[in-house]
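Okay everyone, thanks for coming.

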Amino acid sequence: APASVAMVHLLTIGWLTLLMFGALFQFVPVITSRKLPSQTLPLATLIGVEGGLALMVGGFCALGRAAWAESLLPIGGSLVIAALVVGGAALLVPLAAKRPVPLSARFVLAGLAFLLLTVLLGLSFALALTVPAIGPALAPLLADGVTYHALAGFGGWFTLTAIGVSYELLPMFMLAPHERGAIGAAVLWTGAGGFLAAFAAGLAAPIWPAGWIEVLEQAGRLAIGLALGLYLADVVRLYRSRRRRQIELHNRAAIGAFIALGLAIPLAIGAIATDRLAALAPSLVLLLLLGWLSGLGLTQ
């Protein structure tokens with residue numbers, strides 16, 4: 001429904017993406033010890049995202065009602081993409097200059113790559129819905145593409161970036177070891193590889209043999225589950241290894257976000273195993289968007 005899609009994008013772009021970029025504009029200079037190339041680029045990102053999102057919401061609400069207003073959807077989406085590219089470029093300058101690249105920065109780089117995939121796929125949906133000349137060519141994307149659009153956004157962009165930020169902030173405030181060792185590296189590579197494999201399987205489904213797609217998708221799901229399980233175990237290890245006896249309020253509150261992520265993992269596994277993913281998707285979205293991502297964002 002147009003109103004539902006508008007609401008989802010208000011939360012994912014207007015709330016979480018701006019929250020992430022606001023945090024990263026302060027976080028990246030700290031972990032790289034280098035300034036952003038310009039302080040006007042974050043402002044341009046904010047204005048572009050807000051303006052583009054307003055046009056997108058208008059375009060969503062006009063779907064099936066006013067043909068002239070439907071064009072607001074791809075126009076707004078293009079403006080959002082341009083603004084995010086500007087913001088991403090501002091972050092890449094200090095990240096590219098840092099050697100060696102810290103683990104948290106590698107998570108941010110992986111997250112930004114998935115953000116690009118997410119918004120480009122979203123723009124393809126907008127064009128398929130509003131431009132009749134290319135609609136048929138992009139129609140296969142609309143069949144199952146929304147699932148992989150959400151996977152790249154919730155998983156690749158939001159979750160990998162949130163993990164990277166948490167790996168820096170939690171040790172900082174709890175006086176715990178920053179070095180995450182082999183577990184941290186395993187979380188990065190299995191997580192990024194798993195999300196990429198599952199995403200690629202979804203896009204390649206119309207052209208690759210079904211057997212190959214099934215193998216790639218299952219491998220991606222297993223890798224994602226392994227990565228998130230390792231991450232939660234590492235978070236427990238981090239809390240236990242802290243040198244600060246009294247845990248501050250924001251890190252006590254963050255435990256609720258980790259619990260929400262821990263609940264989402266078996267729910268997702270059960271939904272996939274019983275072929276009830278569509279029915280349980282609203283519960284998963286609430287746990288991930290409000291419990292895990294919003295919870296961690298607000299507390300940190």
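Before we start counting, a word on terms: a helix here is a DSSP run of H or I with at least four residues, a strand is a run of E with at least two, and both are numbered from the N terminus. Keep in mind, too, that this is a predicted model.

So what are the elements, reading from the N terminus? They go α-α-α-α-α-α-α-α-α-α. In total, that's 10 helices and 0 strands.

Now the overall form. The C-alpha atoms sit in a box of roughly 60 × 50 × 35 Å along the principal axes. The radius of gyration is 19 Å, and that agrees with the value near 19 Å you'd get for a compact globule of 300 residues. Of those 300 residues, 45% are buried. And if you take the contacts with a separation of 6 or more, 77% of them link residues 24 or more positions apart.

Let's zoom in on one pair of helices: α8, residues 210-240, and α9, residues 249-273. Their axes are 11 Å apart, and the packing angle is about 155°. Why call them roughly antiparallel? Well, angles over 145 degrees count as that, so α8 and α9 are roughly antiparallel to each other. Their crossing is left-handed.

Who's touching whom? On the α8 side you've got, among them, Arg-221, Leu-228, Tyr-231 and Tyr-239, meeting residues of α9 that include Asn-251, Phe-258, Leu-261 and Ile-272. Sort the residues of this contact by type and you get 11 nonpolar, 3 polar and 1 charged.

How values were computed: Residues are numbered from 1 along each chain as its sequence is written. This is a predicted model: local features need pLDDT of at least 70, side-chain atom pairs count only at pLDDT 80 or more; totals for chains, interfaces and linings use all residues. Side-chain values use heavy atoms; hydrogens and water are left out. Axes are lines fitted to C-alpha atoms, for helices over the stretch in contact, and angles run from 0 to 180 degrees between N-to-C directions. Angles under 35 degrees count as roughly parallel, over 145 as roughly antiparallel, 65 to 115 as roughly perpendicular and the rest as oblique. A crossing is left-handed if the near helix is turned anticlockwise from the far one by less than a right angle, and right-handed if clockwise. Contact means heavy atoms within 4.5 Å. Ala, Val, Leu, Ile, Met, Phe, Trp, Tyr, Cys and Pro count as nonpolar, Asp, Glu, Lys and Arg as charged, and the others, Gly among them, as polar. The radius of gyration is taken over C-alpha atoms; the globule rule is 2.2 Å times the number of residues to the power 0.38. Buried means under 20% relative accessible area, exposed over 50%, partly exposed in between (1.4 Å probe, protein chains only).
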